[in-house]
Amino acid sequence: MDRKRAAELLAENITAIYGYAHNKLYDPTQADDLAGEIVCQVLTSSDRLREESAFWGFVWRIADNTLRTHLRREKLRARILAFPDEGSEWSLGIYVPSPADTYAEQEVVGNELYLLRRELATLSRHRREVTVAYYVGQKSCATIARELGISVDMVKYHLSQARKQLKEGMNMTRKYGEKSYDPGVFRLDFWGDNNHYGRVFDRRLPGALMLAAYGAPMTEEELSIETGVPAVYLEDELDTLIAAGLMAKQGSRYRTNLIIVTDIYEKEFIRRTAEAYETLACELYEAARGLLPNIRSLDFSGRDYDDNRLLWTMLNIVLYRGYEMSCFKSPVSDPPALPLGGNGFLFGYDNNYENHHFGGIAGHVGNKEGTAWFSAVNYRVAITCQKYDYFRFREKGQIMCDVILGQPSKEDPEVVAMLIRDHMIESREGILAPLFPVFTEESIWQLEEMMIPLRDKIGDFMISISDKAEALLRQYVPHDLTATLCGISDIAKIHHRLDVMAFVVETMVKKGLLTVPEEPTNLTIFGVKV
């Protein structure tokens with residue numbers, strides 16, 4: 001903003017400036033001087049202001065700063081009231097603080113209270129409880145020791161350390177950490193049988209703590225400063241994360257207890273491996289296309305689909321079988337028992353799944369009787385036409401198998417309606433029918449036998465990719481991160497081998513070998529009658 005425009009705005013509201021000065025100082029002479037100083041400072045600094053809409057906020061910030069400078073310079077202390085007395089021209093009367101002195105004193109006291117509360121908020125649990133009980137609750141050391149179940153000497157130790165910490169903290173400029181204004185995004189990945197971790201990170205604070213304590217262990221006080229959250233509010237969150245096995249405590253320090261697959265790591269890995277996917281994608285597509293006549297000769301519903309849809313289904317099957325083969329040749333470890341129940345692997349991401357390529361994977365979902373199963377893979381590249389919703393997973397799985405077998409379903413009609421709405425099944429004259437290919441046990445076996453060479457090629461490629469991923473990931477994981485809920489090798493095998501499936505499909509779509517239909521179409525869902 002230019003100085004001329006600033007002067008115009010000040011002229012329109014100059015009484016507000018004088019009102020501010022007189023309200024703070026009362027003394028007309030001093031107030032007039034202060035108002036003049038404020039106007040000069042605003043005009044001198046106006047070229048730093050970019051937006052006119054922020055002008056008055058800018059003015060009042062300058063006014064406050066100018067007032068403080070004015071008070072310091074003039075060294076206003078107090079007014080002395082003098083009363084005439086016989087025998088002397090003046091005699092000392094009573095002390096009355098000036099308005100300026102009162103303002104300055106209130107500001108100092110208020111600032112000290114703020115600093116004290118700020119530092120109290122960063123104290124660890126025992127230290128804070130002891131300090132508050134002693135100074136606020138006026139309790140003796142013996143009483144505090146009895147209530148907290150610790151020795152009197154330990155109470156005195158905590159008081160001594162707290163006083164030292166409070167004194168140091170109040171005399172320093174406390175800089176809150178990055179997580180206080182940018183908590184980041186933490187997302188959890190679960191691979192296992194029963195997921196009891198789905199709601200742990202519904203709030204942002206637990207994720208911010210996981211990210212903050214990932215690079216190096218941190219004390220409760222350090223986490224409080226890093227996140228800008230008083231320690232009293234962190235304690236429950238930390239206890240919850242420790243109980244879930246997601247964070248560990250080492251002495252007085254907390255450490256994230258799982259591996260985080262970072263955005264910077266994933267992008268670097270993609271950069272190193274991009275060319276290899278293109279070669280594999282072209283080879284697989286041509287080989288699968290050459291098998292189409294033989295595949296159409298098999299006995300399954302859906303063999304009359306157009307080439308594009310049939311190739312989507314066949315390639316998805318062989319890619320998943322390649323993943324299974326890679327796990328057979330180079331197995332993933334047995335999933336550990338998890339603190340919250342069930343068995344599985346847990347690892348995290350420092351982004352909102354931006355580098356994910358799937359909207360859900362179900363490789364083999366069978367019914368209670370073992371007479372049918374189906375597979376549903378949601379590739380993000382095809383999410384506009386197919387999205388199998390895994391909500392109410394078990395009920396939907398049973399219904400899908402009932403439909404595959406051509407029998408009525410006893411499951412909740414509301415869940416049946418969900419599957420119809422999502423174009424997974426349809427009702428034909430009151431009879432439920434699948435909207436995806438259905439194989440017999442014999443025909444699926446015949447299909448997979450045709451594609452054994454492709455399956456093995458994919459499996460070997462996935463093993464080589466996960467080996468490269470493991471080597472690179474070790475460079476991005478803190479060296480002291482051991483005994484976590486999923487190791488580096490297992491993450492490389494689970495995460496990157498499945499990603500091969502997605503990269504291959506995405507490459508085929510990008511090159512125009514496969515197309516994504518505009519209408520709802522189940523490209524990568526199929527069922528099997530056992």
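How are helix 14 and helix 17 oriented to each other? The legends below begin with that pair. This is a predicted model, in which local features need pLDDT of at least 70 and side-chain atom pairs count only at pLDDT 80 or more, while totals for chains, interfaces and linings use all residues. Residues are numbered from 1 along each chain as its sequence is written, and side-chain values use heavy atoms, with hydrogens and water left out.

**Close-up 1. Helix 14 packs against helix 17.**
Welcome to the first view. Helix 14 (residues 307-329) and helix 17 (residues 441-450) meet at an angle of about 75°, and their axes lie 11 Å apart. The two are therefore roughly perpendicular to each other, a label for angles of 65 to 115 degrees (under 35 is roughly parallel, over 145 roughly antiparallel, the rest oblique). Axes here are lines fitted to C-alpha atoms, for helices over the stretch in contact, and angles run from 0 to 180 degrees between N-to-C directions. Helices (H or I, at least four residues) and strands (E, at least two) are DSSP runs, numbered from the N terminus. Met314, Ile317 and Arg321 of helix 14 make the contact with Ile444, Leu447 and Glu448 of helix 17, contact meaning heavy atoms within 4.5 Å. By class, this contact has four nonpolar, no polar and two charged residues; Ala, Val, Leu, Ile, Met, Phe, Trp, Tyr, Cys and Pro count as nonpolar, Asp, Glu, Lys and Arg as charged, and the others, Gly among them, as polar.

**Close-up 2. Arg5 and Glu8 form a salt bridge.**
Their closest N and O atoms are 3.1 Å apart; a salt bridge is a side-chain nitrogen of Lys or Arg within 4 Å of a carboxyl oxygen of Asp or Glu. Both residues belong to helix 1 (residues 3-12) and sit three residues apart, about one turn of the helix. Arg5 is partly exposed at 27% relative accessible area, and Glu8 is partly exposed at 35% (buried is under 20%, exposed over 50%, partly exposed in between, with a 1.4 Å probe and protein chains only). Across the whole structure, a search finds 23 salt bridges.

**Close-up 3. Glu222 and Arg253 meet in a salt bridge.**
Here the N to O distance is 3.0 Å. The pair links distant parts of the chain, with Glu222 in helix 10 (residues 220-227) and Arg253 in strand 6 (residues 253-256), 31 residues apart. Glu222 is partly exposed, at 31%, and Arg253 is partly exposed too, at 34%.

**Close-up 4. Strand 5 and strand 6 form a hairpin.**
Four bridges join strand 5 (residues 247-250) to strand 6, and the two run antiparallel; strands pair if DSSP finds at least two bridges between them. Gln250 stands opposite Arg253. Two residues lie between the strands, and Gly251 in the turn has a positive phi of about 65°. Strand 6 is also joined by two bridges to strand 4 (residues 218-219), again antiparallel, with Met218 opposite Tyr254.

**Close-up 5. Three strands form an open, mixed sheet in the order 3-9-7.**
Strand 3 (187-192) and strand 7 (260-261) stand at the edges, each with a single partner strand, so one side of each has no neighbour in the sheet. Strand 7 and strand 9 (residues 344-349) run parallel, joined by two bridges, and Val261 stands opposite Tyr349. Helix 19 (residues 488-510) packs on this sheet and touches strand 3, strand 7 and strand 9, its direction making about 75° with that of strand 9.
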